[in-house]
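Here is a short briefing to read alongside the model. Have a look at the fold, then follow the points below.

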Amino acid sequence: MARTDETHLDDLRDEYRDAAPEPAPPARPRRSRRRGDAELAAPLAPVEFARYCWRQLTSMRTALFLLMLLAVAAVPGSTFPQENNDPAGVAQWMSDHPTAGPWVERLQGFHVYSSVWFSAIYLLLFISLVGCVLPRAGVHLKALRSRPPRTPARLERLPEHRGAQLAAAPGQVLEAARAVLAARRFRTEVRDGSVAAEKGHHRESGNLLFHLSLVGLLVAVASSSLFSYSGQRLVTVGGTMVGTTFDSFSGGVGADLSDVPPFTLVLDAMDVSFEAQQTTQIGEPRSFAADVTLTDEPGASPRRETIRVNHPAKVGHTQVSLSGNGYAPVIVVRDGAGNVVQDGPTPFLPQTANYDSTGVVKVPDALDASGAPVQLALQGVFLPSATTDAGGAPVSGFPDLANPVLVMQVWTGDLGLDDGVAQNVYTLETEGMRQVLDDQGRPVPLQLAPGQTVQLPDGLGSVTFERVERFASFDVRSTPGQSAALVFALLATTGLVMSLFLPRRRVWVKAVPDGAGGSRVQVAGLARGNDAGLADEVDGVLARLRAAVGEPGPEPGKSPPPPPVGDHEQPVHAPEERP
């Protein structure tokens, strides 16, 4: 007899549980792919990640961002003095900003255009433009060789459509249409009872030319920044300048003094004239010219050149330009022992349009009347046409030599020439010096005309103003990428004009028999973007087609607008643009 009590039922349950397989774990709920839900993405493989980075770098959006970033990164170069152009300015800035100066130096603020961060932006921009433009150039070359697009099935649905009835046969109409479109600079193809024509591919050619020229412009500017140099030298009439010695020199990262040609320049004469007749333009400069003798290299034959403003002389690829001029009074200084300790022209730098000029004569090795060593300095102004202003102060009333006067003051003390620190020869550091005073405690003024001599007080000697010479300032410069930058800038402008003003148009002409030996002709056009001249283009093609088949007539009007599209009738779209 079978057991039916609860114990027997429990035993049956245990046997069933032991024989049944382990239940599967509950399935994880499937993540929703709706927008806005968090979703774990599989990590990219190294090659996929590199391809993703390359696509981001070579996108036009990134190129525009890097171009803007480069402009922003160039701002510190005009804010802080640069070491290669103005080392004295860098030292002065560091002295004026003792706290910020070391940080700016660490961040390469005084070497902006050769800094790591500026070079990185420049290189990334170059790579981005190249990676963006070159694939587009390959696609465009294929598009130039491709056939015009096929003719749409329903031309009446295109933006511009014209229809006409012609007596000529379809074959004659199509051949005439091909000739008309070819004459209007269309690329044509006759097929399936129609003529397909396309023009305006050079719109994209202009776009590519603009971007390729921008790459070339970047290369030209970079080469100019790396390999250009500029040096300045002041030369008095009769003086000589050697191409490896300059008053100041600045060069790119890849340029130094060894790149300057070893030429020699002798300043033979200066021709300077000013307006002296017209009262409204009195004193205005009329001509500046320097007659020089140039020797390109040691052992070469010398040649005569006249250097004018905007008309430099050339030594190889280096230009020698006239950048300034002024007066150099010939001053003779005798010390207290009667020795000539200074004899020669001293350049005085112009400060005003009338050539009020300042200058300094430094005499480090003089003796006083007792034979004791003394250092002298004469500081003052040179007035080519001396007069007085409303306050009675001496000034120059005209830039040419009419009444030359030299006004100077005398200083004694340590000139600082033995400290080993470079000094500006056109200024005087008066710290540590004493101004020579008269018996009443006033500064001793020296006022001399050409040929005059004055005695210095305290047995310091004498000063003679003999005559006036002229000087010229020359700028020696080489910018290897300048011509290339100009060419690429012009090409970029040409490409931009082409991309903006060349229309991209497609025109189709279809001719079918009308049953009476003639043809029913349809002419339709399509343009990329808004094109106000598309309607005139289509009208012109139809008018010339009529004339070509011998059926001149008035230009047909526009066809009526297409009927509305019903629920069972789909619109016919023009074929998509090929890349």
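How many disulfides does the count come to? The count comes to zero disulfides, where a disulfide is a pair of cysteine sulfur atoms within 2.5 Å. Please keep in mind that this is a predicted model, in which local features need pLDDT of at least 70 and side-chain atom pairs count only at pLDDT 80 or more, while totals for chains, interfaces and linings use all residues. Residues are numbered from 1 along each chain as its sequence is written, and side-chain values use heavy atoms, with hydrogens and water left out.

- Cysteine 132 is buried at a relative accessible area of 8% (buried means under 20%, exposed over 50% and partly exposed in between, with a 1.4 Å probe and protein chains only).
- Cysteine 53, with a relative accessible area of 34%, is partly exposed.

- Strand S11 spans residues 318–334 (strands are DSSP runs of E with at least two residues, helices are runs of H or I with at least four, and both are numbered from the N terminus).
- Because 13 of its 17 residues are buried, S11 is largely enclosed by the rest of the structure.
- S11 pairs with strand S22 (residues 461–478) in the antiparallel sense over 15 bridges (two strands pair if DSSP finds at least two bridges between them).
- Within that pairing, arginine 334 has serine 462 in S22 as its bridge partner.
- Strand S10 (residues 313–315) is also antiparallel to S11, over three bridges, and lysine 314 has glutamine 319 in S11 as its bridge partner.
- The hairpin of S10 and S11 has two residues between the strands, and glycine 316 takes a positive phi near 65° there.
- Five residues lie between the strands in the hairpin of S11 and S12, where glycine 338 has a positive phi near 85°.

**Two buried helix residues**
- Serine 224 sits in helix H9 (residues 202–227) and is buried, its relative accessible area being 18%.
- Leaving out residues up to four places away in sequence, serine 224 touches Thr479, Pro480 and Gly481 (contact means heavy atoms within 4.5 Å).
- Aspartate 539 belongs to helix H11 (residues 534–548) and counts as buried at 15% relative accessibility.
- The side chains of aspartate 539 and arginine 162 make a polar contact at 2.5 Å (a pair of N or O atoms within 3.5 Å; within protein, one must be able to donate a hydrogen and the other to accept it, and residues adjacent in sequence count only if both atoms are side-chain atoms).
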